[in-house]
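Student: I am new to this structure and would like to go through it by question and answer. Please show it first.

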Amino acid sequence: MTDLLDVPAYLEHALAGLTDVEHFEPAVGGLLAAAQGLLGAESSYLLRRDGVHLLLIASEALPEPPAREVLIIDAGPEGRAASSGMAIIDRASASPFAPRPDLALAAVPIRLRGSIVGVLVATRPGLFVPSELRWLRILAQIAGVAMENAQLLRNERRRARYGETAAALGTIERVDAGPFCQRMAEVINEVMGADRTDVLLHRSALPLESGQANLPERAELMRLGRAPGGRDDASGRQDLDRLDLAAGGALAASYALGVPYRRRDVAQNSKAPEALRAMGMRSILAVPIPGDERPQGLLVVASRRPGAFNAEDASFLRLVAERVALLLRHAQVERERARTAARQEFLTIVSHELKTPVTVIKAYGEVLGRRAEIGGWPGQDRRIADRIQEQADKMLVMIEQLLDLRRLEAGMLTIELSRFDLGAVLRRAVESIQATTENHQLTADVPEELVVRADRRRIEEVVTNLLENAVKYSPGGGPIETTARLDADHVHLVIADAGIGIAIEDLERIFDRFYQVGAGTFSEGHLGLGLGLYIAQEIVDRHGGRIWAESTPGQGATFHVELPIDQPHD
Ligand code: ADP
């Protein structure tokens, strides 16, 4: 069959492929046909090396080779050619690609800049001789260049596509995490040519639904986006809609360590994610979505093709993960802003709608109280009038706290500085709180004069709040001691009670907004919003001071305030 006169035609055909990088497949077809023509071969095929595997990428053979890929380490003559870099002549029956006992086989490694990137193989009935391998070597060189060109073109195209995608991600509507992650999954799946993409987020990265705030935080990722849509081909149990981090596994480890996970073929890998294996996925790439302290989630792409994702795909997905992280954070900020606006509106309504009627109730209570006194009403009726006033006062305090919260959140809580005697303020506050209780003995150990420059009204508010708490949280009565000392450039103020005290784990948190120890036990005498200490701390902060608490539970609590006597800047 070999007609030496036809040799240039074969080569011409093979070389034509080199210039036509757009059409890699026909070019390779030409190469294989040339190999058959030059060597009188019956079939020929081209294998690409991928790590320790050989993948069949083109063949001119009848029947089709039974295998598409093998491990180099246990491959036949092709594998030996790829790992030794030498041309091999052998029996085709030793080949996993063309196991025909009646054929001979010649395999030549394809080299590119010193490394072996594949193998070109020809088979025919009669044994090959070493001199015949010359043509196969020439064709192998051509194949190497053609393979590289095709790879370059693919990379170039992918890079362009990835660039466009990275830009397009920014335009996805992102306020709602659900639709955002769904859209993300679709885009990634398409651009990476994957068979499946999952976007998983940690619970802490999810927007809190109302009522969810107090749920114990579970260590799991939840799927918010997936592509393609529809039902899974695996059973629901093996689906990836939740990823239990405590259960371990490759994906959980990738999330926990914050490092990508890439496997070129998981068919035989029992440690790989079972859910994806069950769906027939062969290659997997997972990349954590970065977060502040720990990742916010995981992007997982998978393909039925082995070796579908290379290092470049991994860097692209990392880039996407960083964009996703940024967008999620923006979304969180936007949600927080929307929530604050809604709360502001609520607070405005509550405080305005409530303040007037409660003030009216208080006024009527006072009128009633006076009438009771003048009219000599029975003691029981007089107590009712007193109770109305007391409760109205408590409600007014709470309304004021809500108004303060609104001012704080809107950045409108201003500090108005003036010079005044803090000692006098303390003594007066202690006196007026003493007037509300008979069970408690309030004392004030403060210097005769203690001049500071601060916001008088606000500091009075802080002191009153601390004294009221001291009374409120020592229901059995007892001493409440207020002391103040000048200490270099600041005043150290201490208010100590002998009440129920505060558990260690609550000491820091009592200054949080709306925090109340044992919240929910809204019993009489403990009426409050959990805002007093939060507002007190904000006020003290704005004066450049410090507030903290100490306590031995069961024996009382001591609150400390450190306040600079002057403000460096107003
Ligand atoms: P509230 O309106 O509930 O009093 P605060 O912000 O003033 O809100 O206080 C927050 C929580 O701190 C209270 O609910 C209470 O559990 C605790 N607390 C405050 N002061 C004392 C105290 N002197 N002794 C014990 N617990 C206190």
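Student: How far from an oxygen atom of the ligand does a backbone N or O atom of Gly 532 lie?
Tutor: The model is a predicted one. Polar contacts here are pairs of N or O atoms within 3.5 Å. For a backbone N or O atom of Gly 532, the distance to an oxygen atom of the ligand is 3.2 Å.

Student: What share of the ligand's accessible area does the protein cover?
Tutor: On its own, the ligand has 530 Å² of accessible area.

Student: Which element gives the largest share of the shell around the ligand?
Tutor: Elements that give two or more residues to this shell are α11 (456-472), α13 (532-542) and β19 (556-564). The largest share is 4 residues, and the element they come from is α11.

Student: How many residues of the shell around the ligand are nonpolar?
Tutor: There are 20 residues around the ligand, and those that come nearest are Asn 469, Tyr 473, Asp 497, Gln 516 and Leu 533. By class, the shell has 2 charged and 7 polar residues, and the nonpolar ones number 11.

Student: Which residue has a side-chain N or O atom 2.9 Å from an oxygen atom of the ligand?
Tutor: Val 517 also has an atom facing a ligand oxygen at 3.3 Å, but that is a backbone N or O atom. The side-chain atom at 2.9 Å belongs to Asn 469.

Student: Are helices α4 and α8 roughly parallel or roughly antiparallel?
Tutor: The axes of α4 (residues 133-169) and α8 (residues 311-375) come within 10 Å and cross at roughly 5 degrees. Angles under 35 degrees count as roughly parallel. The crossing angle therefore makes α4, relative to α8, roughly parallel.

Student: How many charged residues are in the contact of α4 with α8?
Tutor: Residues of α4 including Arg 158, Arg 159 and Tyr 162 meet residues of α8, among them Glu 312, Asp 313 and Phe 316. The contact has 8 nonpolar and 2 polar residues, and its charged residues number 5.

Student: Where is the cis peptide bond from Ala 227 to Pro 228, and what is its omega?
Tutor: Most peptide bonds are trans. Pro 228 is in the loop between β8 (220-227) and β9 (242-244). The bond from Ala 227 to Pro 228 is cis, and its omega is near -5 degrees.

Student: Which residue has a positive phi although it is not a glycine?
Tutor: Most residues other than glycine have a negative phi. In the loop between β5 (104-112) and β6 (115-124) is Arg 113. The residue with a positive phi of about 45 degrees is Arg 113.

Technical notes:
Residues numbered from 1 in each chain as written. Predicted model: local features only at pLDDT ≥ 70, side-chain atom pairs only at ≥ 80, totals over all residues. Heavy atoms only, no water. Axes fitted to C-alpha atoms, helices over the stretch in contact; angles between N-to-C directions. Parallel < 35°, antiparallel > 145°, perpendicular 65-115°, else oblique. Contact = heavy atoms within 4.5 Å. Nonpolar A, V, L, I, M, F, W, Y, C, P; charged D, E, K, R; others polar. Near = heavy atom within 4 Å. Polar contact = N/O pair within 3.5 Å; in protein donor to acceptor, adjacent residues only side chain to side chain. Areas by Shrake-Rupley, 256 points an atom, 1.4 Å probe, with all protein chains shown as cover.
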